[in-house]
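Work through the exercises below with the model open beside you. Each task is followed by its solution in steps.

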Amino acid sequence: MRKLGVAVIGCGAIGPAHAKAVTEIEEAKLVAVCDAREERARKLAEQLGVEWYTDYDKVLERDDVDVVSICTPSGMHAEMGIKAAKAKKHIICEKPLDVTLEKCDALIRAAKENGVKLGGIFQHRFAEESRMVKKLVEEGKLGKIALADMDMKWYRSQAYYDSDAWRGTWALDGGGCLMNQGVHFVDLLLWIMGPVEWVQARTDTLTHNIEVEDTAVAILKFRNGALGAIVATTSAYPGVCARISVAGYNGSVVWEDDKITFLKIEGEEEETKTEKPTVAWGASDPMAIPAGLHTRNIYDIIRAIIEDRDPLITGEEARKAVELNLAIYKSSQTGEKVYLPLTY
Ligand SMILES: NC(=O)c1ccc[n+]([C@@H]2O[C@H](COP(=O)([O-])OP(=O)(O)OC[C@H]3O[C@@H](n4cnc5c(N)ncnc54)[C@H](O)[C@@H]3O)[C@@H](O)[C@H]2O)c1
């Protein structure tokens, strides 16, 4: 069987991790990398022995490119993905899917109309521990859930935001601590708990000189009846884990940085597990994110193309966290409770 040819678009912080992940997948072959900045494309191409481009359209002209992996600034994802779909290329798209619902929907539609797969990246869904939390909730092991919350107290320096013109802008980053970093854990919370009925929120920009928020707090009401909370910042002195905790009447679980650090279920004391995470990856260094989960996420999309099935993270799935983040922004701007689904 011919291997699927993959081109990675965007060779900045995360593109190289995609390229490397592709080289680890038997069914795929990295054929090209592309970056508008020649030195970035050339460097990665030389490391991996593939061709490089600065012009995305030229990549799409190649017959041996079956899949593009979009690793460019967030507000460019839909436009680049739609071009790929029209060129009949399957799409792997980094988080967030894009920064507005209009653009997310246009991308989802383009993939469907052109008969190509669209797979989103939310690599933490591929950690066994994340799946375990979801399963505990789905199987009702925790009993009636009262509260589910996520908190991410991370650090990004002003130098990080100043490192590229797109960072910290509404147009291309789409938001700050929520839309860029927190979106991972917003996604996990939604994946574990299901849809949100309404949100009441307050966001602020407290320690950085950026357009977007660096701190956010939200109260959620889930459709399953539970209350929830989202607390996120990129203003915290580094080292604190990202955490999701689910509190049920018959059991409680705490997830920290892809580890279960607390689990107690009534009548199942022997299953109690308290494993402390050793490093707070990603808490201060966006490059310290383990590539293994990316490989799993990309592998699932490659297999979905081969098997002609949906990937685990479809465009619709990847859109959910974008929608909740946008509802949080809207609530903060208006001071009102915002009901989902959002309309535009
Ligand atoms: N899943 C994760 O853990 C994770 C981690 C980091 C970033 N990301 C996401 O990946 C995306 C990229 O983030 P990053 O930190 O790597 O950004 P980056 O700025 O480091 O890299 C983006 C690259 O895209 C290139 N680019 C811009 N316009 C282009 C064009 N028209 N054609 C080709 N290349 C172009 C830029 O030159 C740059 O090198 C963002 O959406 C971000 O949210 C995800």
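**Exercise 1.** State which residue just after helix 5 takes a positive phi, then describe the span of helix 5.

Step 1. The model is predicted: local features need pLDDT of at least 70, side-chain atom pairs count only at 80 or more, and totals for chains, interfaces and linings use all residues. Numbering starts from 1 along each chain as its sequence is written.

Step 2. Helices are DSSP runs of H or I with at least four residues, strands are E runs of at least two, and both are numbered from the N terminus. Helix 5 covers residues 101-113, and its 13 residues reach 18 Å from first to last C-alpha, close to the expected 18 Å (1.5 Å times one less than the number of residues).

**Exercise 2.** Determine how the buried residues of helix 5 are arranged.

Step 1. Lys103, Cys104, Leu107, Ile108, Ala110 and Ala111 are buried (20 or more other C-beta atoms within 10 Å of the residue's own; exposed means 12 or fewer, partly exposed in between; C-beta atoms are placed from the backbone).

Step 2. Down the helix axis, these buried residues fall within an arc of 160° and so line one face of helix 5 (the arc is taken over directions from the axis to the C-beta atoms).

Step 3. Glu102 and Glu113, on the other side of helix 5, are exposed.
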